[in-house]
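Please look through the sequence and the model shown here before reading the report below.

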Amino acid sequence: MTTKPVTAPLVDVRDLKIGIARGGGDPLVVVDRANFQLHAGEMLGLIGESGSGKTMVCRALIGTLARRGAKVLDGAIRLGALDLVAADEAIWRQVRGRRLGYVPQSALAGLNPVMTIGDQLAEAIAQRPTPNRTNAAAVARELLEIVAIHRPETVLQQYPGQLSGGMRQRIMIACAIAPGPDVIVADEPTTGLDVTVQAGIMQLLRDIRARLGTAIILVSHDLALVDAYCDHVVVMHAGACVESASVSRIASPRHPYTAALNRSRIELAVPGSDLITIAGAPPAVGAWPPGCRFAERCEIVQSDCRRGDHPGLRGLNGHATACLHPDLMVAAE
Amino acid sequence: MTDTLLAASDLRLTFGSGAHRVAALRGVSLTLGTAEAIGIVGESGSGKSTLARILVGLQLPDAGTVLFRDRSIYAGRQTYPGALRREVQMVFQDPYGSLNPRMTALAAVAEACRFHDSCSAAEAQARSLELLARMGIGEADSHKKPRQLSGGQRQRVSVARALSARPSILVADEPTSAIDQSAQAQLLNLFRGLLGQGLSIILISHDLAVIRYLTRRVYVMRDGEFVEAGATASVFEAPQHPYTQALIASIPGHQPRIQEPTP
Amino acid sequence: MTAVALEATTASDGNTAGRVGIRVGAAMLGAMLLAGLLVPLLSEYHPNELIAVPLQPPSLQFLFGTDQLGRDVFTRVFSAVYRDLGVAFLGVSIPLVTGTAVGVLLSVSTSRVLVAFVTSLIDAINALPLLVLAIALIALFGPGLQSIIIVLAMTNWARYARIARTRAMLVKQQAYIEAARLQGYPAWRILLRHFLPNVSSETIAYGLSDFILVIMLISGLSYLTLGAAPPTAEWGAMMSEGRPFVQDAWWMTIFPGLALCWAGISLSFITEGLSRRERGGP
């Protein structure tokens with residue numbers, strides 16, 4: 001069991017708290033205990049159901065919170081030495097694309113329908129720290145080769161509407177890596193894509209990580225996907241990170257929610273018996289109880305679980321959990 | 001062996017005309033027994049939704065037959081005439097469009113109950129509330145309009161509405177694609193329960209895990225035809241056709257490196 | 001799960017703002033309707049009665065003064081409420097009903113010739129500005145409030161038909177319509193209970209904003225002496241009559257004008273409030 005290398009993280013999120021502005025009143029807190037770190041060359045999976053806050057964290061990472069009427073209320077996001085929380089739009093313009101790439105959920109939303117692929121790639125390439133215009137065409141072709149698009153000459157002339165969903169997503173990835181960022185945030189990049197296409201895209205992300213050394217944050221609700229492709233997993237529930245561990249370690253979870261998620265995976269279900277579901281639902285945003293928010297549905301809940309602030313992540317050997325009594329879990333299994 | 005409830009034979013359908021003809025179905029045949037769940041798995045563009053619409057009677061094929069209990073479902077240009085209509089119902093993929101936005105969940109289900117049972121408004125309401133409760137929609141939620149319900153809840157209301165017709169067959173076209181994982185599990189458990197009560201289900205999905213869990217037999221569809229068919233367990237464990245193999249291989253975790261089809 | 005909750009939160013901001021708007025507008029409109037009922041009943045003066053010295057400024061006896069023929073402006077303004085609002089109501093509801101029906105029928109029609117013909121007709125009518133068309137047609141029918149209603153019925157339906165048809169084409173594709181077909185509901189039931197309510201929500205919303213326009217149209221036409229004939233009390237007509245006296249007897253034009261504004265503003269509040277509630281956000 002090797003200990004994690006003590007290198008400075010590329011992205012460091014600490015105690016991030018995000019709220020949505022409400023007309024006349026306190027902001028509605030949607031995330032309040034987000035903690036995780038991304039190291040160079042790592043693929044990190046940020047897993048959570050809808051409502052867990054993962055999308056908000058994603059937006060905070062790429063600086064689009066303001067557009068949704070949300071803002072960071074507390075905590076820090078550091079990209080290397082840069083403080084992203086304090087960053088204004090000018091700094092974000094420098095950061096986005098160049099240091100932090102983004103692959104959105106729907107490539108249709110990310111690509112301009114009236115510009116050719118070639119033009120859009122050229123735009124992305126021009127964002128490089130040292131743009132070299134004469135080389136742009138060659139770079140474009142090279143990018144298309146990296147994302148495994150055959151017949152690049154044809155595709156460069158086409159418009160997004162003429163391509164399949166899978167190909168569009170590959171173009172999005174090409175645009176994201178064009179400026180050469182160290183980090184890419186991929187927000188559910190394979191939703192809505194066929195399984196084979198999904199596998200291709202995920203494989204591509206893995207290849208990019210291997211070839212270019214880009215670190216990737218994959219936001220997803222699909223545990224199986226994260227399990228298969230990521231190195232490190234961070235589980236979110238009701239606005240807080242509840243567990244953070246490597247993929248191999250997360251197989252022996254130390255938080256009851258992760259364990260419940262694991263058990264309820266459809267892939268693991270036995271045909272002929274009921275699917276295991278997690279009873280109840282996460283507490284609604286705005287109605288978070290004190291203490292741990294999984295307490296209501298937890299099998300090993302103790303009296304101190306319902307008191308005070310939501311527990312933070314505390315780690316043993318690179319496996320951090322927000323559960324106050326992880327040792328009780330073995331007994332319950 | 002179960003009796004054959006539904007038998008489709010050599011279904012063909014072409015869309016468009018002239019240079020823009022697209023063959024959506026190229027000769028598709030399947031059977032469905034009582035209290036059986038079969039799966040139709042395929043990717044987008046395979047024609048599975050078109051097949052679903054034909055089986056349910058929303059679309060007429062260019063050629064081929066569909067027999068329900070050994071009787072053709074076609075009478076002229078009409079499908080499932082008369083009393084047959086209620087026998088085959090559908091749950092749609094998009095929970096947002098499948099409920100009338102101006103009717104509460106209760107109203108939508110009660111309308112169906114009242115229509116099929118010819119009972120009083122009060123009886124219909126009582127039966128609807130009970131049906132919705134069985135689907136996990138409580139009384140308070142039953143009085144809500146669709147926009148106040150989650151995707152999973154909307155799907156369950158759709159199922160309740162479909163069930164009020166007391167059908168023999170439920171065709172579910174990608175019922176879990178647009179909803180949460182926990183909502184998916186709830187819906188699938190619901191389907192399993194209904195199977196146990198004698199309902200037959202045709203489950204159309206691109207999600208192999210869901211197909212594997214719920215269905216006993218599966219048809220693998222590609223480009224308007226079935227490339228493989230058989231017991232779900234065998235098809236998953238030992239796929240014969242290269243396309244099926246590619247599908248199975250692309251399930252996350254099945255194989256670290258896969259050959260993806262050329263785009 | 002929280003997507004719904006978040007929608008609900010932002011929606012509630014729109015909801016509260018919307019509800020306030022609707023209430024304010026409804027209160028204003030209600031007050032006007034009440035006054036339109038009570039004032040003519042309780043007033044000692046008949047709106048067309050020549051009872052007093054002409055061109056008197058507002059006083060305790062004649063709250064809005066008297067006009068050039070010695071009639072009480074106060075009574076006249078309020079006796080015009082139901083006339084103005086009533087004609088506008090007819091001028092909106094008749095086109096709304098006919099236009100929606102045409103639009104819906106167009107969307108389910110299978111005759112391509114018919115559809116092509118009717119849509120061309122709709123486009124042609126919509127291309128012409130309503131006021132100009134109205135003035136031209138009034139020349140045919142002769143001036144008067146009834147003519148205005150007839151003219152509106154003949155022309156305004158086209159705007160509703162276009163909205164209804166576009167919406168109907170959309171609704172036609174929705175899964176709940178197909179689900180209704182699968183249930184075996186007869187066509188009339190699907191049309192009336194599922195189709196129509198979802199289409200007419202759009203046309204009714206348009207109708208509310210159209211209401212304001214139509215009131216202005218009626219008053220405008222009356223101002224041009226093409227609408228209400230003297231001695232009928234109607235805001236536009238009153239403003240027209242007050243025109244030569246606008247310097248010395250401002251009350252003859254101002255008060256009917258204010259009534260017009262009040263009606264328009266109250267309807268605007270309601271329309272805006274409803275749309276905020278629908279949109280769910282500021």
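Predicted model: local features only at pLDDT ≥ 70, side-chain atom pairs only at ≥ 80, totals over all residues.

Residues are numbered from 1 along each chain as its sequence is written, and chains are lettered from A and ligands numbered from 1 in the order in which they are written.

Chain C has 11 helices and zero strands, where helices (H or I, at least four residues) and strands (E, at least two) are DSSP runs numbered from the N terminus. Its C-alpha atoms fill a box of roughly 75 × 50 × 30 Å along the principal axes. Of the 282 residues in chain C, 41% are buried, a residue being buried if 20 or more other C-beta atoms, placed from the backbone, lie within 10 Å of its own. Among contacts in chain C (C-beta atoms, placed from the backbone, within 7 Å) between residues at least 6 apart in sequence, 70% join residues at least 24 apart.

Two packed helices are described by the angle between their axes and the distance between the axes. Helix α9 (residues 187-223) of chain C packs against helix α10 (residues 235-242) of chain C at about 35°, with the axes 7 Å apart; axes are lines fitted to C-alpha atoms, for helices over the stretch in contact, and angles run from 0 to 180 degrees between N-to-C directions. Residues that make this contact include Ile218(C) and Tyr223(C) of α9(C) and Trp235(C) and Met239(C) of α10(C).

| Strand | Partner | Sense | Bridges |
|---|---|---|---|
| β1 (residues 4-15) of chain B | β4 (residues 63-68) of chain B | antiparallel | five bridges |
| β4(B) | β5 (residues 71-72) of chain B | antiparallel | two bridges |

Leu67(B) in β4(B) stands opposite Ala7(B), and the bridge partner of Leu67(B) in β5(B) is Ser72(B). The hairpin of β4(B) and β5(B) has two residues between the strands, and Arg69(B) takes a positive phi near 50° there.

The contact between chains B and A takes 28 residues from chain B and 29 residues from chain A. On the side of chain B that touches chain A, α6 (181-196), α7 (208-214) and α9 (242-249) of chain B each supply at least two residues, and the largest share, eight residues, comes from α6(B).

How values were computed
Buried ≥ 20, exposed ≤ 12 C-beta atoms within 10 Å, placed from the backbone. Contact = placed C-beta atoms within 7 Å. Pairing = 2+ DSSP bridges.
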